Amino acid sequence: MMHFLLLFSRQGRLRLQKWFTPTPEREKKKIIRDMTAMVLARKPKTCNFLHWMDQKVVYKRYASLFFCLAIDDQENELLALEILHRYVELLDKYFGNVCELDIIFNFEKAYFILDEFLIGGEVQETSKQTVARCIEASDMLQETMEEYMSKPAF
Amino acid sequence: MSPSVRLQEMIRVIRSARTQGEERGVIQRECAAIRAQFRQADNGGRSHNLAKLLYVHMLGYPAHFGQMECVRLIASPRYNEKRVGYLGAMMLLDENQDASLLITNSIKNDLAHSSQYVQSLALCTLACMGSAEMCRDLASEIDRLLRASSSYIKKKATLCAVHIVRKVPELGELFTPAARALLAEKNHGVLHGAVILITELCERNAQTLVQFREAVPELVHIMRGLVTSGYSPEHTVAGISDPFLQVRILRLLRILGRNNDTASDAMNDLLAQVATNTDSSKTAGSAVLYETVLTVMDIKSESGLRVLAVNILGRFLLNNDRNIRYISMTSLQKIVSTDHNAVQRHRGTIVDCLKDQDASVKRRALELSLALVSAINIRSMMKELLLFLSTCPPELKSHAASGIFNAAERYSPSQRWHIDTILHVLITAGADVRDETVPNLIQLITNASQLHCYTVHKLYRALVADISQQPLVQVACWCIGEYGDSLLQGECEETEPIQVTEDDILDALETVLQSHMSSPATRGFALTATMKLSTRITENVDRIRSIVSIYGSCMDVELQQRAVEYNALFKKYDHMRAAVLEKMPVMDRSSMGPTNGESGGGGVQELEPTKPKQPEMMVAPQPASQVCDLLDLLSDPDEPSLPGGPLGPGGGPLGPAGLMSGSAGGDLLYLLGGLELTPTPTPATAPAAVTVYDKSGVVLKLSCERPLDASQTITLTATNTSDHDISSLTLQAAVPKNVQLQMKAPSGDSLPARSSAVVTQTVLLNNPNK
């Protein structure tokens, strides 16, 4: 199972954090600091896997963002790389040529997309189109609610 | 203005803050506004306020005051508020917070909501942060959803069930029937979740595992369908149909087939098919192949399949992608013990990976290379490993050094090769070797008696070249001290002889003594070596005397003590000097550690007392002989400063005895008061009672036993054959600091005349360091 997913920029600013195991606040901050330090210290031509405590950390850099995923020791690391790639593809499809600013200003949407793709530390839907369709439908539901709310009441 | 723009506006303002202080100010103002808004009654912007708070939380600022707002928003009937509320719950609430229990009821209601998107929010939140109590409360709801709902909800409910099983394993039985039924689903999402659920159930419960073994044919059928199906726009990634599902099914098959022949047989064909048909040019295919290899190695597969798997790993080793090389080495590491020969075939590639740029790949290659060393390839492997040692990153050096030593010890083709290898390692990576290397090497050298000349020449050259590597310098000093005469003779068959004069040797040792790079232990070695040379060389004995006397006032206590003792050896005991500084005998491995159970005196001649005391006649012999016996216990195998280790059995070596007593505590010497004990030859087997005092009819005997490995029992037996009674007989004993002494009560304190009665007393000695 996956333990956490972190997105951070090259300067170490956190853009998204998803924790799949209960962790105290202080511990979370420490882990974020450690992860950022470890991943940013890696040279460019090294492999994408790290060992950290009793877990494996799989990271990949997409443009200016580092995607960092911690998995159990017996999980398949190559598949974890595929999972990161799939998430980026979903973001790309939703935002259209996604960049870091999109994720900064629409962070809650990034979370919603993640919640349609992963649940409880596991992949829930393996089809890109299905995930995209579900997000659209939820967005539609939200918009109609908002429209309804902002209509003047006569 | 729509409220969501306000959120983005806030983000823009925060980002444009130029300093940390400015940012903090902005955020504090915003948080105050948010808190005020939370206190107000329901307004349209609640969700956006919470979203703003979540952003601030992600930047690292405290946001706990938003927890109750999350609870309120989750209970709201509006979808957008629920959505943000649940998001907040997943970010701010976890099972350690008390407020998390408050949302249980909302989740329960939402699980039965008419809209599937609301249901999905509740399921997602429960799977993310559900505590054990919440899971117990809602398990039956989840089970209901598992059976009868749309596939959209089923797949989420399945993963929610996985979370419940992880948190509360007893509830696994609740989900087992539903899980079995889910395998018949066509929807990949549901199937994926079902496979994960079954994996989780089987890992936790052995009976469930047996039950699900019957599902192996079904799983094989699904997998075969995936492998042979053509392109599907929904699921194909880089030519592989749904790699996520394939990997999960393979993992489940691995768990089901482990230790079970029938299940493994059923999978053999499928695994062979997957292994041959999967295209591994992209990561997705490699992921599936990797999982296949892991499965093949773990179940009871036939040998042809295993060879196929190892060959796949071998192919991976040649792949351009660094990640794939790394994981193939990790897998090879796991199977090198079971399928050694198959892995040996790829030895060349593995050794090449030692030169890779990546530190993690290097580390893996090193471990694998060390595991692949065998008697046949030892010479070529060692060449590569030594080359690696000279260029490897510092964090791997000590691991590489100890690995090389182990390999050399197990497989060295000749003693000379062995010594050469160790020397090479010491020269290249001397600072990173472990402490026991020095005594091990010394022992090796003494055992290779025909190579003494060669060794000492090599070491002398190395010493002259570089005195910064402490282990090397220590060994070199010891060898020069022992075999300095061979060095001076100048001839040696195995290596080029060099012309060395006595002054050169003494110069070298003096450099070591005076250099600030030498550690105190090294200095000790050098001083002792200088002293030993006084019997090996003829002309410069005065120089040695002067060196030794200089160090008699050294600041370092250890050096000072040694120097003072050697000075005394020159002055008062010159007649004994030759005997004391004789060559060491061949040591065998067991005498490096705790000496075996002999105790009859230990055969040691004690030396220079510095302050001759006149102990009481009765008492004196006992501590003296106890000192001999104690010295057996004193040998500490991890002392690097002892050149040549502990007391060996046998009356020959007196040199180490002197040094031993020197380092073990000067108080031993004080007890002796000038006594000389006859060295008794050590019986290697049963301890005999030793008569330590026999005068005027009073006979004192000490017998030693070693009931446990680290402790020794000494029994004093006193008999009186004279005509007088002896009263107030007391036994006093002193031990060095690291030995524990326990004296039992004597049987009496008076010895009646004419052997009418015997007094016995028992003393227990324990050396915890032994």
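This report walks through the aromatic pairs and the charges over rings in a predicted model. Local features need pLDDT of at least 70, side-chain atom pairs count only at pLDDT 80 or more, and totals for chains, interfaces and linings use all residues. Residues are numbered from 1 along each chain as its sequence is written, chains are lettered from A in the order in which they are written, and side-chain values use heavy atoms, with hydrogens and water left out.

Over all chains there are eleven aromatic pairs. Rings of Phe, Tyr and Trp (its six-membered ring) pair if their centres lie within 6.5 Å; planes under 30 degrees apart count as stacked, over 60 as edge-to-face and the rest as tilted. Here are two of the pairs:

| Pair | Centre to centre | Angle between planes | Type |
|---|---|---|---|
| A:Phe49 and B:Tyr326 | 5.9 Å | 45° | tilted |
| A:Tyr94 and A:Phe95 | 5.1 Å | 90° | edge-to-face |

Buried means under 20% relative accessible area, exposed over 50%, partly exposed in between (1.4 Å probe, protein chains only). A:Phe95 is buried at 18%, whereas A:Tyr94 is partly exposed at 30%.

Charges come next. The charged end of B:Arg83 sits over the ring of A:Phe112, 4.0 Å from its centre. For this, NZ of Lys or CZ of Arg must be within 6 Å of the ring centre and within 35 degrees of the ring normal.
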